[in-house]
Amino acid sequence: MISTFRALMMAQEQIVDLDQQLLKRKLRITESPCDTEATVNDRQLKAFCSNDYLGLANHPVLVNALAEGATLYGVGSGASHLISGHSIAHDLLEKRLASFLEKHISQARTLFFSTGYLANLTAITGLTRLAPRGETSIYSAKLNHASLIDGVRLASAQMDAAVTLFDHNAPNKLIDLIKLEEKPLKLIVTDGVFSMDGDLAPVKELLQIAEQYDALLVVDDAHGFGVLGQQGHGILEQENLYSDRLIYVGTLGKAAGVSGAFICAQDPFIEWLIQKGRPYIYSTATPPAIAHTLLKSLDLIESEEGIKRRNNLNKLITIWQQEMSFETWKKVPSCTAIQPVIMGSNANALMAATLLDLAGYWIPAIRPPTVPQGSSRLRITFSANHSPEDVRELIIILKAIEQQVSRKQAHE
Ligand SMILES: *Cc1c(COP(=O)(O)O)cnc(C)c1O
């Protein structure tokens, strides 16, 4: 038996352990809106760490829209969607999101969620419940986001789904795996943009495999929605895909600058998730004012201003890819706003983050289990509110810090 006292001791001991392995995580409290300058503990830092890729999180149009939404609808939804929390603002948002994606998914219908985490749990567990217990195979990309991984684990526990991991860089190996499978329902699950590496999933190839072997393809485009494609419709627009077997998840707290997420799929799949998607059913609806704000954010994403913001972001990415080079650290060939610098050890990643902090930069060190062992890194993210000068200054500082860290190592 473990007494409460013993449990407390265990918590404390394990936290000390994490600290010794340089794996303890710490919260930092910001005192300013999310933007490229942040006030953290009374200090002004240049921030390259948010997922606010278009710089909309503090956009005056959206700040006003949220106030307007609160005036129209109050601050709380009061209940889950199926009880009484589903407002006209939610309905308008879902229809608008479906119209964003109807060029890519036949009979597109959308379901709005308070978070991407819940959307992914709902999509995977809900779809798995279409088949009887033990009759589903899930093929999940190895570097998928934790929320997809947890969705797959829950589906495996609840419905005895068989789970196979695959390397998204080798889609041909997925063919070998899926060929052998006899289970009636097959789901292929992948990030659209991998959140810690910034590279794209080979969605075109994955969709071909899904078509050939009669699987559904779940694409979590948390880091693509709003930024990829001419109109910002995401990875499906960028890759020019159309299918009836796509289950698309987009999140709205990153490039869209607000909060929430959605699943877009053929109407009967969405209707099924409304009936059986437990995380959807048993959670209070997001405040309608948020949905109202998101409608304005979608307007911005599709507007001239949205196009300008995406162009600026792409310019920054090009500058980084062309002008940054390291001696020992590794840059990744990423074409998105996520640009990791891989240094391997926890100690080096932490030291680099600390030196950056001293230089007035906020860039987090990312360590296991968020990334595989031995691939600790800095995760740099750009926003349309950064300027080319901001990126060039960062490049100079980072080169100096790489030198500093390697000199320190040579002394040890
Ligand atoms: C952030 C993220 C999520 C979770 O979305 P939230 O709205 O933050 O819960 C899901 N998938 C990926 C790939 C993400 O990066």
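**Ground rules.** I number residues from 1 along each chain as its sequence is written, and side-chain values use heavy atoms, without hydrogens and water. As the model is predicted, local features need pLDDT of at least 70 and side-chain atom pairs count only at pLDDT 80 or more, while totals for chains, interfaces and linings use all residues.

**Domains.** I looked up the domain assignment of the protein chain, which gives domain 1 (26–55 + 304–411) and domain 2 (60–302); such bounds come from an automatic or database assignment. Taken over C-alpha atoms, the centres of domain 1 and domain 2 are separated by 28 Å. I then checked contacts (heavy atoms within 4.5 Å): 22 residues of domain 1 touch 21 residues of domain 2. The two domains bury about 1600 Å² between them, 60% of it on carbon and sulfur atoms. Buried area here is the accessible area (1.4 Å probe) that two parts lose on being put together, summed over both. Tyr53, Leu54 and Arg310 supply 28% of the area that domain 1 buries against domain 2, more than any other three residues.

**Salt bridges.** I used the rule of a Lys or Arg side-chain nitrogen within 4 Å of a carboxyl oxygen of Asp or Glu. The structure holds 15 of these, and one salt bridge is found across the interface of domain 1 and domain 2. I noted the pair Arg377 and Asp197, at 3.1 Å, N to O. I also noted Glu393 and Lys46, at 3.9 Å, N to O. This pair links distant parts of the chain, with Glu393 in helix 15 (residues 388–411) and Lys46 in strand 2 (residues 43–47), 347 residues apart. Helices (H or I, at least four residues) and strands (E, at least two) are DSSP runs, numbered from the N terminus.

**Helix 5 and helix 6.** I find the axes of helix 5 (residues 116–128) and helix 6 (residues 146–159) coming within 8 Å and crossing at roughly 30 degrees. Axes are lines fitted to C-alpha atoms, for helices over the stretch in contact, with angles from 0 to 180 degrees between N-to-C directions. The contact includes Tyr117, Leu121 and Ile124 of helix 5 and Leu148, Val152 and Ala155 of helix 6.

**Backbone.** Most residues other than glycine have a negative phi, and most peptide bonds are trans. I recorded a cis peptide bond joining Pro368 and Pro369, with omega about 5 degrees. Pro369 is in the loop between strand 13 (365–366) and strand 14 (376–381). Leu22 has a positive phi, near 60 degrees, and lies in the loop between helix 1 (4–20) and strand 1 (37–40).
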